[in-house]
Amino acid sequence: MRKFMLAIKPYLGGLSRISLYISGIGMIAMTLIVGWQVFGRYVLNDSPSWSEPLSLYLMSWFIMLGAAVGVRESVHLGLDIVRYVMPPAIQKAMDLLSLGLIVLFGIGMAYYSTLLAMGTWSATIPVLGWPGGTDFFPMIAGGAMISLFALERFIDVAIGEEVAADVLVQEAA
């Protein structure tokens with residue numbers, strides 16, 4: 001298992017990095033779109049109708065991708081004070097339980113978002129003209145990546161490897 005994890009870590013790291021780049025590009029694009037909307041509304045007195053739904057769609061993407069990367073790098077919200085006062089064996093059990101629940105949450109989010117996308121596919125987003133199911137693509141991808149990155153961390157903790165987040169934090173320091 002250790003060799004397998006070492007073999008796939010660069011790919012998961014690359015996926016994480018690509019997700020951050022896509023999130024950043026999406027945030028910049030959303031900022032430009034909202035800027036254009038404000039300019040159109042107050043200067044041209046003609047606000048583009050597509051700007052709000054498109055910016056919300058982009059926001060969904062960078063929030064979900066950012067959340068997945070946050071799980072991998074262990075920068076998501078957490079109350080660790082109880083964990084740090086426990087013995088190492090209890091800390092490991094708490095980490096495994098927490099990561100296992102995150103894996104299940106990600107799988108559930110991807111699964112139920114897929115059902116929602118299929119159920120709303122025949123509807124159309126009025127201003128954009130896209131199928132309604134596309135609204136759930138960020139949640140499907142985000143849920144899958146959250147579960148994948150949490151599973152990576154779960155296996156790392158289980159086999160006693162240094163987790164990806166600790167390595168990144170040490171490299172940045």
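Me: Which residues does S51 touch, not counting residues up to four places away in sequence?

Reply: The model is a predicted one. S51 is found in helix α2. Contact here means heavy atoms within 4.5 Å. With residues up to four places away in sequence left out, the partners of S51 are I33 and Q37.

Me: Does S51 count as buried or exposed?

Reply: Buried means under 20% relative accessible area. S51 has 0% relative accessibility and therefore counts as buried.

Me: What lies 3.0 Å from a polar atom of the side chain of S51?

Reply: A polar contact requires a pair of N or O atoms within 3.5 Å. At 3.0 Å from a polar atom of the S51 side chain, the atom in question is the backbone oxygen of P48.

Me: How are α1 and α2 oriented to each other, roughly parallel or roughly antiparallel?

Reply: Helix α1 spans residues 2-42 and helix α2 residues 51-73; their axes come within 8 Å and cross at roughly 155°. Angles over 145 degrees count as roughly antiparallel. The two helices, α1 and α2, are therefore roughly antiparallel.

Me: How many nonpolar residues does the contact of α4 with α5 have?

Reply: The axes of α4 (residues 88-119) and α5 (residues 137-159) come within 7 Å and cross at roughly 160°, and α4 passes α5 in a left-handed crossing. By class, their contact has seven polar and three charged residues, and the nonpolar residues number 17.

Definitions and conventions
Residues numbered from 1 in each chain as written. Predicted model: local features only at pLDDT ≥ 70, side-chain atom pairs only at ≥ 80, totals over all residues. Heavy atoms only, no water. Axes fitted to C-alpha atoms, helices over the stretch in contact; angles between N-to-C directions. Helix = DSSP H or I, 4+ residues; strand = E, 2+ residues; numbered from the N terminus. Left-handed = near helix turned anticlockwise from the far one by under 90°. Nonpolar A, V, L, I, M, F, W, Y, C, P; charged D, E, K, R; others polar. Parallel < 35°, antiparallel > 145°, perpendicular 65-115°, else oblique. Buried < 20%, exposed > 50% of the residue type's maximum accessible area, 1.4 Å probe, protein only. Polar contact = N/O pair within 3.5 Å; in protein donor to acceptor, adjacent residues only side chain to side chain.
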